[in-house]
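This report describes the pockets, overall dimensions and selected local features of a single protein chain. The sequence and the model are shown first.

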Amino acid sequence: MATVSPFSALVYDFDKAGSPGSLCCPPYDIIPDASVWRDKSPYNAVRLEKPEGDDPYSGAAGLLADWKARGILRRTPAAYYLYEIAFQDGAERKTVSGLFARLELTPYSAGEVLPHENTLSKAKEDRYRLMTATRCHTSPIYCLYHDGRHTVLTVTGRYKAEPPAVEFTDGEGLTHRLWVVDDPGDCEAIRRSFQERRLYIADGHHRYETALRVRGELGAAASPDGFVFLVDMSHPGLVVYPTHRIVTGLAGYDEQKTLARLAGSFRVEEGGAPGRNTVVMAGRETMYRLIYKDDAFDGLDVTLLHDHILEPVLGVGAANMAAGTNLRYTRDADEAVRAVREGGAQCAFLINATRVDQIRAVADAGGRMPQKSTYFYPKLTTGLIMNEFGV
């Protein structure tokens with residue numbers, strides 16, 4: 001199945017660039033204000049990950065070349081990289097870990113790497129222009145795999161007995177640790193293990209599809225591989241939050257008329273929380289439980305919301321989502337409700353999180369969920385490890 005390999009990574013020289021906490025940033029799609037990270041350091045990875053200016057993509061390429069020439073960025077010997085994040089999940093402190101690796105790119109039709117979400121062309125065009133300008137993957141594609149024997153976890157677990165090569169805590173209280181996995185025997189065991197595995201994209205569909213496009217245009221010699229972060233889907237620290245929907249900008253929206261239309265397919269009750277075949281709608285003053293009347297429905301909450309509420313009742317379909325005109329997304333239910341109560345939104349919908357086993361089932365069946373159906377937490381930091389094409 002999947003063909004993964006060690007690689008020569010592009011990393012910061014901390015002696016020249018500064019501390020890792022000043023250099024790393026979140027992935028591009030969850031950065032609301034890049035200046036927060038730009039202000040941390042003239043070498044912060046946000047300048048590559050989410051460049052700005054009149055010609056941002058060529059600007060990022062110029063910065064990358066300059067930092068390499070000055071030794072701000074350097075290459076490492078080929079290896080896998082074990083990465084762990086310690087984070088707070090409610091009252092519990094958890095850790096999640098996985099491997100940075102290179103992956104041989106294959107089309108979804110080959111069945112080796114499977115998606116679970118739809119993508120939007122605007123985000124893919126942005127990543128395409130950045131990748132082709134810089135010839136570098138600044139952020140990895142987050143993938144899950146199923147390994148009943150936990151071969152990779154067993155091999156990499158031994159490295160955690162040693163001090164990490166890098167460790168820092170960021171402004172959100174997340175502690176990041178990195179170990180270099182370069183023993184030839186361990187690297188070969190990892191490579192063989194993944195030859196038996198299918199990968200499931202958890203986060204980074206846009207990056208994977210863009211990497212396929214770039215490979216098709218530049219050729220395998222110039223752009224041979226993808227850049228991935230691989231996590232065992234049974235890892236106890238794997239957390240998926242729901243992504244709630246905030247609705248804005250609907251012409252002629254009327255809460256009571258909307259509830260009347262919903263009553264055709266849903267039992268409408270006041271109050272409550274999401275449940276089986278149940279979505280919660282936050283109105284201006286009242287919370288409503290929308291219980292789907294078809295008891296035989298056995299789909300995902302997010303599918304129920306999009307296929308039976310957003311599109312047929314509110315008219316928010318694929319075109320609206322692609323344009324980003326009527327939906328905002330948040331994993332914070334209080335934020336969603338507050339947006340409605342304070343008049344910044346017309347309504348909001350709260351759903352349960354999609355489970356990892358549901359993601360796998362949808363992908364195995366060849367299905368796709370709506371965009372932003374899942375929110376894997378925590379997000380991987382950007383800048384700790386990067387991957388140049390063809391090196």
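## The largest pocket

In this predicted model, the largest pocket is lined by 42 residues, of which D29, I30, Y329, Q371 and K372 lie nearest its centre. A pocket here is an open set of points on a 1 Å grid over the protein atoms alone, where a 1.4 Å probe fits, with protein on both sides within 12 Å along at least five of seven lines, and lining residues have an atom within 4 Å of a point. Two or more lining residues come from each of α5 (56-69), α6 (121-134), β11 (199-203), α9 (205-218), α12 (318-323), β18 (327-330) and β20 (375-377), and α6 gives the largest share, 6 residues. Helices (H or I, at least four residues) and strands (E, at least two) are DSSP runs, numbered from the N terminus.

The volume of the largest pocket is about 1,200 Å³, taken as the space filled by probe spheres set on grid points that are joined across faces, edges and corners. Its lining has 17 nonpolar, 10 polar and 15 charged residues, where Ala, Val, Leu, Ile, Met, Phe, Trp, Tyr, Cys and Pro count as nonpolar, Asp, Glu, Lys and Arg as charged, and the others, Gly among them, as polar.

## The second largest pocket

The second largest pocket holds about 420 Å³ of space and is lined by 22 residues, with P26, W37, D170, E172 and L174 nearest its centre. By class, this lining comprises 13 nonpolar, 4 polar and 5 charged residues.

## The chain as a whole

The protein chain contains 14 helices and 21 strands, and its C-alpha trace spans about 65 × 50 × 45 Å along the principal axes. Of its 391 residues, 55% are buried, that is, under 20% relative accessible area with a 1.4 Å probe, protein chains only.

In helix α8 (residues 184-194), the buried residues include D186, C187, A189, I190, S193 and F194. They lie on the same side of α8 because they cover an arc of only 160 degrees around the axis, the arc being that of the directions from the helix axis to the C-beta atoms. The N-terminal end of α8 is capped by D183, with a side-chain oxygen 3.0 Å from the backbone nitrogen of G185.

T175 belongs to strand β10 (residues 175-181) and counts as buried at 8% relative accessibility.

## Basis of the values

Residues are numbered from 1 along each chain as its sequence is written. Local features need pLDDT of at least 70, side-chain atom pairs count only at pLDDT 80 or more, and totals for chains, interfaces and linings use all residues, while side-chain values use heavy atoms, with hydrogens and water left out.

Definitions and conventions:
Buried < 20%, exposed > 50% of the residue type's maximum accessible area, 1.4 Å probe, protein only. Polar contact = N/O pair within 3.5 Å; in protein donor to acceptor, adjacent residues only side chain to side chain.
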